[in-house]
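Biologist: Can you walk me through this one? I'd like to start with the rings.

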Amino acid sequence: MDAMELLRTRFSALKLGEPAPSTQAVHAMLESAGRAPDHGRLQPWRLILIEGDARLDFGKVLAEALSRRNPLANEQALAREREKALRAPLIIVVATRCDRSAKIPLIEQIVSAGCAAHSIMLAAVAAGLGAMWRTGEPAYDNAVKNPLGIEPDDFIVGFIYVGTDIGGPGTRPQRASREFAQHWARDRAKPAGS
């Protein structure tokens, strides 16, 4: 797929299934993450791959964390939380590993991690796979971070679910660039494309 076509047509999958990404596709996704913009060459992020039966264990972590956050959660809610780990054959957790002693501002380090996550998404689609990026309460919960080896003061930027797209394209409408971009001049701003 042409790079511009990929950038202009990428969408998040609605539903993912088997087969799992090949070893080559996973390698390509990881390599693309390694090319994310990185001011100061800090590599202020890390990737944690969860696949196979490890997803069942991760589902237990998610359910236990929900139970701590909401002691009134019923078994149905806990089961739904466990099932999140089975949304796709592969979950790539993208987490910051910020260097707070570096001259590089923290926001730039976090954005670099976000760029790595987006690169994974693009590489997945380029490989003919589907991907979805999720966060939610588990991304901010130390009871989820700790078992993954993520420090409390670091962030889970996203859970990137990757597999075979079995849900078809999403219904998100294409926005015209004039809705979110503008040309700037000292005395006025006008929409881009006008």
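This is a predicted model: local features need pLDDT of at least 70, side-chain atom pairs count only at pLDDT 80 or more; totals for chains, interfaces and linings use all residues.

Biologist: How many aromatic pairs does the structure hold?

Modeller: One. Rings of Phe, Tyr and Trp (its six-membered ring) pair if their centres lie within 6.5 Å; planes under 30 degrees apart count as stacked, over 60 as edge-to-face and the rest as tilted. Here F58 and F159 make a tilted pair, 5.9 Å centre to centre with 50 degrees between the planes.

Biologist: And where do F58 and F159 sit in the chain?

Modeller: F58 is in helix α3 and F159 in strand β5, 101 residues apart, so the pair links distant parts of the chain. Helices (H or I, at least four residues) and strands (E, at least two) are DSSP runs, numbered from the N terminus.

Biologist: Is F58 buried or exposed?

Modeller: F58 counts as buried because its relative accessibility is 4%, and F159 is buried too, at 3%. Buried means under 20% relative accessible area, exposed over 50%, partly exposed in between (1.4 Å probe, protein chains only).

Biologist: Which residues touch the most other members of the largest nonpolar core?

Modeller: F58, I91, V93, V144, L148, I156 and F159, out of 22 residues in that core. β2 (45-51), α3 (54-69), β3 (90-96), α6 (142-148) and β5 (156-165) each give two or more residues to this core, and α3 gives the most, with four. A nonpolar core is a set of buried Ala, Val, Leu, Ile, Met, Phe, Trp, Tyr and Cys residues joined through side-chain atoms within 4.5 Å.

Biologist: What does L148 touch?

Modeller: Not counting residues up to four places away in sequence, L148 touches R46, I48, I50, F58, V93 and I156. Contact means heavy atoms within 4.5 Å. There's also a second, separate core of 21 residues, with M29, A113, L129 and A131 among them.

Biologist: Back to α3. Which of its residues are buried?

Modeller: R55, F58, G59, V61, L62, A63, A65 and L66. The buried residues of α3 pack against β2, α4 (75-83), β3, α6 and β5. The helix has 16 residues and reaches 23 Å from first C-alpha to last, close to the 22 Å expected at 1.5 Å a residue; the expected span is 1.5 Å times one less than the number of residues.

Biologist: What about D141, buried or exposed?

Modeller: D141 counts as buried, because its relative accessibility is 12%. It lies in the loop between β4 (130-134) and α6, and D141 touches A65 and R69, not counting residues up to four places away in sequence.

Biologist: OK, charges. Where does the charged end of R87 sit?

Modeller: Over the ring of Y161, 5.2 Å from its centre. For that, NZ of Lys or CZ of Arg has to be within 6 Å of the ring centre and within 35 degrees of the ring normal.

Biologist: And Q24, buried or exposed?

Modeller: Exposed, with a relative accessible area of 59%. Q24 is found in helix α2 (residues 23-33). The C-alpha atoms of Q24 and A127 are separated by 9.3 Å, though the two are 103 residues apart along the chain.

Biologist: Last one: how many helices and strands does the chain have?

Modeller: Six helices and seven strands. Buried residues make up 38% of the 194 residues in the chain.

How values were computed:
Residues are numbered from 1 along each chain as its sequence is written. Side-chain values use heavy atoms; hydrogens and water are left out.
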